[in-house]
Amino acid sequence: MKKYTDSFDTSRGSAYHCAPMLTSQLPSRVEPYKLAARHERIEGLVALDKLPRLAEEAGVQTGDCHVVLEFGVDAQGRREIRGHLQATLALACRRCLVPLPQEVSSDFLLGMVTDEALAAELPASHEPVLVEKEQLDLLTVVEDELILSLPQVVYHDEAECHVSAEQLVSKTEGAAAETTPATNPFAVLNVLKGKK
Ligand SMILES: [Zn+2]
């Protein structure tokens, strides 16, 4: 039975402990006011290849995003969703453009509003989420949050990058030599200055 203990992933220390064999998909449409009234907690996976806007921002992704959503009502009577998500994305290295795995996670607090005008009444701690006809599309919520939590730039460690620092330098030098053959690069500057 040692097999089972070995396969048990204990390395992920998170406030929201992930069940090691979670396979259920997050429902795409829910009735959030009902869930809030019952203080329901939903946990599930979202297949990353179902999120076209994420693909536009970060390239085509495979695998799943792990999502925990806790619906509730706060002391002021606001219907809210406390959420946590975690995914491993493949993001292009800024230097060599080869994707590298990047852990992305986010904690968020959403305030439900039935009208966009009501969003202004929410405290700054809450991101508004528009609930129309008592329905909420959770895939849109997850996709929005994932896009918001994308890192600005991603680089390989220098030793692992497919473009080394020296290659970068020699490449630029090579390109300069090709485009301006046998001319003094300062000649361009002089022309510009002369035009003043
Ligand atoms: Zn790289």
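Biologist: Is glycine 72 buried, exposed or partly exposed?
Modeller: Glycine 72 is partly exposed, because 16 other C-beta atoms lie within 10 Å. Keep in mind that this is a predicted model.

Biologist: Where does glycine 72 sit?
Modeller: In strand β3.

Biologist: What is glycine 72 in contact with, leaving aside neighbours within four places in sequence?
Modeller: Ala36, His39 and Glu80.

Biologist: And how far is glycine 72 from arginine 38?
Modeller: They are 34 residues apart in sequence. In space they are 7.4 Å apart, C-alpha to C-alpha.

Biologist: You mentioned His39. Which loop holds histidine 39?
Modeller: The loop between α2 (32-37) and β2. Histidine 39 has a positive phi of about 50°, although it is not a glycine.

Biologist: Is histidine 39 buried or exposed?
Modeller: Exposed, because histidine 39 has 10 other C-beta atoms within 10 Å. The cut-off for exposed is 12 or fewer.

Biologist: What about lysine 133? What is its phi?
Modeller: Near 50°, a positive value in a residue other than glycine. Lysine 133 is in the loop between β6 and β7 (136-137). It counts as exposed, because it has 7 C-beta neighbours inside 10 Å.

Biologist: Back to β3. Where is leucine 69, and is it buried or exposed?
Modeller: Leucine 69 is also found in strand β3. It counts as buried, because it has 24 C-beta neighbours inside 10 Å.

Biologist: What does leucine 69 touch?
Modeller: Ile42, Ile81 and Gly83, not counting residues up to four places away in sequence. Leucine 69 also lies 9.5 Å from phenylalanine 108, C-alpha to C-alpha. Those two are 39 residues apart in sequence.

Biologist: Let's zoom out. How many helices and strands are there?
Modeller: Six helices and seven strands. From the N terminus on, the order is α-β-α-β-α-β-β-β-β-β-α-α-α.

Biologist: Which strands form the sheet, and in what order?
Modeller: Five of them make an open sheet, ordered β2-β3-β4-β5-β6, with mixed pairing. β2 (41-47) and β6 (127-130) are at the edges. Each has a single partner strand, so one side of each is left without a neighbour in the sheet.

Biologist: How much does the twist average?
Modeller: 35° from one strand to the next.

Biologist: What packs on that sheet?
Modeller: Helix α4 (residues 138-148) does. It touches β2, β3 (64-73), β4 (79-92), β5 and β6. Its direction makes about 55° with that of β4.

Biologist: How do β4 and β5 pair, parallel or antiparallel?
Modeller: Antiparallel, over 13 bridges. Leucine 89 has glutamine 102 in β5 as its bridge partner.

Biologist: New topic, the core. How many residues are in the largest nonpolar core?
Modeller: It has 27 residues. Those with the most contacts inside it are Cys65, Val67, Val129, Val142 and Leu146.

Biologist: Which elements give two or more residues to this core?
Modeller: α3 (52-58), β3, β4, β5 and α4.

Biologist: Take valine 67. What is it in contact with?
Modeller: Leaving aside neighbours within four places in sequence, the list is Leu26, Glu43, Gly44, Val46, Gly83, Leu85 and Val142.

Biologist: What share of the chain is buried?
Modeller: Buried residues make up 19% of its 196 residues.

Biologist: Last thing, confidence. What is the mean pLDDT?
Modeller: The mean for the chain is 83, and 73% of the residues reach 70 or more.

Biologist: Where is pLDDT below 50?
Modeller: Residues 1-15 are one such stretch, with three contacts in the model beyond near neighbours in sequence. Residues 176-182 also stay under 50. The model has two contacts for them beyond four places in sequence.

Notes:
Residues are numbered from 1 along each chain as its sequence is written. This is a predicted model: local features need pLDDT of at least 70, side-chain atom pairs count only at pLDDT 80 or more; totals for chains, interfaces and linings use all residues. Two strands pair if DSSP finds at least two bridges between them. Helices (H or I, at least four residues) and strands (E, at least two) are DSSP runs, numbered from the N terminus. Axes are lines fitted to C-alpha atoms, for helices over the stretch in contact, and angles run from 0 to 180 degrees between N-to-C directions. Two residues are in contact if their C-beta atoms, placed from the backbone, lie within 7 Å. pLDDT is the predictor's confidence in each residue, from 0 to 100. A residue is buried if 20 or more other C-beta atoms lie within 10 Å of its own, exposed if 12 or fewer, and partly exposed in between; C-beta atoms are placed from the backbone. A nonpolar core is a set of buried Ala, Val, Leu, Ile, Met, Phe, Trp, Tyr and Cys residues joined through C-beta atoms within 7 Å.
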